[in-house]
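Open the model in your viewer and keep the selection tool at hand.

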Amino acid sequence: MAEETTERIHVELVTPDKLVLREEVLAVSLPGREGYLGILPGHAPLLTELKPGQLSYTQGSLTHYLFVSGGFAEVQPHRVTVLVEASERPEEIDVERAKRAQQRAEERLRKAGGGEAEIDALRAQAALQRAMGRVEVAQRARQEQV
Ligand code: ATP
């Protein structure tokens, strides 16, 4: 067989309300529970839970970034399917809203410190991760444009 020099991965990213991304890419990075996962063409199949954070993909010499909230990803050798609760491109992120969400979550965490409100604390922790992830993605994209 001819040598494959331009292997691609077909990536689809969906939320409950929209198809966010459907692209052929050279590489993908996913925010897995245990840390970021770098996926290249030919990767072994796996199913992983995602935490809120940054999903990036490379096309040509450009790397694009998106925020993804918690969900799941299925990796096949030439296909990655990502199902998440919410996702935004950097230009869609309202940074002030994310900062307000971060402050609310931090306040809730301070109040929930006692231990009896464990569920509230877990929820606040998740909201904090989403807010920080959004701010990070928005700021990173701004830095890359400079
Ligand atoms: P908030 O408390 O500000 O609503 P949240 O983390 O609870 O934040 P999500 O439940 O993750 O919000 O998302 C709900 C909807 O709002 C999704 O459609 C998501 O894309 C959108 N969204 C949330 N935060 C932002 C933001 N800072 N900028 C743009 N869209 C956002």
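Helices (H or I, at least four residues) and strands (E, at least two) are DSSP runs, numbered from the N terminus. The C-alpha atoms fill a box of roughly 65 × 35 × 25 Å, taken along the principal axes.

This is a predicted model, in which local features need pLDDT of at least 70 and side-chain atom pairs count only at pLDDT 80 or more, while totals for chains, interfaces and linings use all residues. Residues are numbered from 1 along each chain as its sequence is written, and side-chain values use heavy atoms, with hydrogens and water left out.

Next, select the ligand. Which residues are around it? Show Ala86, Glu88, Glu92, Ile93, Asp94, Arg97, Ala98, Ala101, Arg104, Arg130 and Arg134. Each has a heavy atom within 4 Å of the ligand. This shell divides into 4 nonpolar, no polar and 7 charged residues. In this count, Ala, Val, Leu, Ile, Met, Phe, Trp, Tyr, Cys and Pro are nonpolar; Asp, Glu, Lys and Arg are charged; the others, Gly among them, are polar.

Now select helix H1 (95-111) and helix H2 (118-145), which each supply at least two residues of the shell. H1 gives the most, with 4 residues.

Zoom in on the polar contacts (pairs of N or O atoms within 3.5 Å).

- Glu88: a polar side-chain atom lies 2.5 Å from a ligand oxygen atom.
- Arg104: a polar side-chain atom lies 2.7 Å from an oxygen atom of the ligand.
- Asp94: here a backbone N or O atom lies 2.8 Å from a ligand nitrogen atom.

Taken alone, the ligand exposes 590 Å², and the protein buries 65% of that (Shrake-Rupley method, 1.4 Å probe).

A pocket is an open set of points on a 1 Å grid over the protein atoms alone, where a 1.4 Å probe fits, with protein on both sides within 12 Å along at least five of seven lines; lining residues have an atom within 4 Å of a point. About 300 Å³ of space lies in this second largest pocket, as filled by probe spheres set on the points. Of its 14 lining residues, Arg97, Ala98, Ala101, Arg130 and Arg134 are the closest to its centre. H1 gives the most to the lining, with 6 residues.

Technical notes. A polar contact is a pair of N or O atoms within 3.5 Å; within protein, one must be able to donate a hydrogen and the other to accept it, and residues adjacent in sequence count only if both atoms are side-chain atoms.
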